Amino acid sequence: MEYKHLGRSGLTVSRLCLGTMNFGSRTEESASHEIMDRALAEGVNFFDTANVYGGDAGKGRTEEVVGSWFAHGAERREKTVLATKVYGNMSDWPNDTFLSARNIVRACDASLRRLQTDWIDLYQFHHVDLRTPWEEIWQACETLVAQGKVLYVGSSNHAAWQIAAANEAAARRHFQGLVSEQSHYNLLTRHVELEVLPAAKHYGVGIIPWSPLAGGLLAGVLEKAEEGRRADERTQKRVAKLRPQLEKYEAFCREIGAAPADVGVAWLLHQKAVTAPIIGPRTMEQFEGALAALHLTLDADQLARLDEIFPGYKAAPMEYAW
């Protein structure tokens, strides 16, 4: 396993981040524990969750599953860099949502109880809250850091100007601010290259891409659709729209002898701004498959071919101005 510092921080994380969104809902607790054990055995020390994850089992259920795994001991918690999130509504009461100081502090305490731990390594804002000033947000985070409940703070789904505003406000308070940004980023969705990635580089913010395979479209969807495993109407509509690109992509993967899913994750690992793509396995087989991407090296010509199939963006303003 290779490791990398998370942004400008001294925190060292694995190049793959284990996403736990399926745990406790689509993946039962015992199977979830087995995947997490295997992840640690493979050197994956970076786990991502959120207070709202749980699906039909209810919000908070995923954190409970991770917490019950920590409770087995054997230094599981000590070896894990734990990331969770705050923002989404946990109830219908008005202050149980968004990023008020009240919600940040109370939601953190609730996550700690579910996770059965004393601290969160990376506490992330799941979305931007345009109605709460950064001064209030940082006040709450400073309190949590001072109490030892949170060590680092990150964002998710934030625009470049919001990352800038956040870190400038933190600097005025002599606070570390954001060290990471969790963005929707993959070969099909490259909008963050315009401004988010340049801003992240400027402020020393590590990028943690979610949905690295574009909801399965980059995982060999054409072949699987033909086999009937992905023949649902919604998937077929998405495939029909992107079929010319997907045909070229899957042909390219066959040409280099690599699985499409491996190529999609490996491409992200070759992007300088990326710290660790989030893989969200539902089964052990899916987790084991994701590990192969770590061993796939794409040369300059192959990366250029992928850019031809899925064009990206230059950093703004060069993308649209001289």
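At 0% relative accessibility, Ala 166 counts as buried (buried means under 20% relative accessible area, exposed over 50%, and partly exposed in between, with a 1.4 Å probe and protein chains only). What you're looking at is a predicted model, so local features need pLDDT of at least 70 and side-chain atom pairs count only at pLDDT 80 or more, while totals for chains, interfaces and linings use all residues. Residues are numbered from 1 along each chain as its sequence is written, and side-chain values use heavy atoms, with hydrogens and water left out.

- Ala 166 sits in helix α6, which covers residues 160–172 (helices are DSSP runs of H or I with at least four residues, strands are E runs of at least two, and both are numbered from the N terminus).
- Setting aside residues up to four places away in sequence, Ala 166 touches Trp 134, Trp 138 and Leu 178 (contact means heavy atoms within 4.5 Å).
- With neighbours within four places in sequence left aside, Gln 162 is in contact with Val 128, Leu 130 and Trp 134.

**The sheet**

- Eight strands make an open sheet with parallel pairing, in the order β9-β8-β7-β6-β5-β4-β3-β10 (two strands pair if DSSP finds at least two bridges between them).
- The edges belong to β9 (206–210) and β10 (278–279); each has a single partner strand, so one side of each is left without a neighbour in the sheet.
- In general, strands of a sheet pair through backbone hydrogen bonds, either parallel or antiparallel.
- β5 (residues 81–86) and β6 (residues 120–125) run parallel and share four bridges, with Ala 83 standing opposite Leu 122 in β6.
- Helix α5 (residues 134–146) packs on the sheet, where it touches β6, β7 (150–156) and β8 (178–184), and its direction makes about 165° with that of β6 (axes are lines fitted to C-alpha atoms, for helices over the stretch in contact, and angles run from 0 to 180 degrees between N-to-C directions).
- β7 and β8 run parallel, joined by four bridges, and Val 153 stands opposite Leu 178 in β8.
- β8 and β9 pair in the parallel sense over five bridges, with Ser 180 opposite Gly 206 in β9.
- Both of these strands are mostly covered: six of the seven residues of β8 are buried, as are four of the five in β9.

**Helix α4 against helix α5**

- The axes of α4 (residues 101–115) and α5 come within 8 Å and cross at roughly 30°.
- That makes α4 and α5 roughly parallel to each other (under 35 degrees counts as roughly parallel, over 145 as roughly antiparallel, 65 to 115 as roughly perpendicular, and the rest as oblique).
- The crossing of α4 and α5 is right-handed (right-handed if the near helix is turned clockwise from the far one by less than a right angle, left-handed if anticlockwise).
- On the α4 side, Ala 101, Ile 104, Val 105 and Cys 108 meet Glu 136, Ile 137, Ala 140 and Leu 144 in α5.

**Cysteines**

- The structure holds zero disulfides (a disulfide is a pair of cysteine sulfur atoms within 2.5 Å).
- The closest cysteine sulfur to that of Cys 108 is in Cys 141, 8.9 Å away, which is too far for a bond.
- Cys 108 counts as buried at 0% relative accessibility, and Cys 253 counts as buried at 1%.

- Phe 98 isn't a glycine, yet it has a positive phi of about 70°.
- Phe 98 belongs to the loop between β5 and α4 and is partly exposed, with a relative accessible area of 29%.
- Asn 157, another non-glycine, has a positive phi of about 60°.
- Asn 157 lies in the loop between β7 and α6 and is partly exposed at 27% relative accessible area.
- The peptide bond from Ala 316 to Pro 317 is cis, with omega near 0°, and Pro 317 lies in the segment after α12 (300–309).
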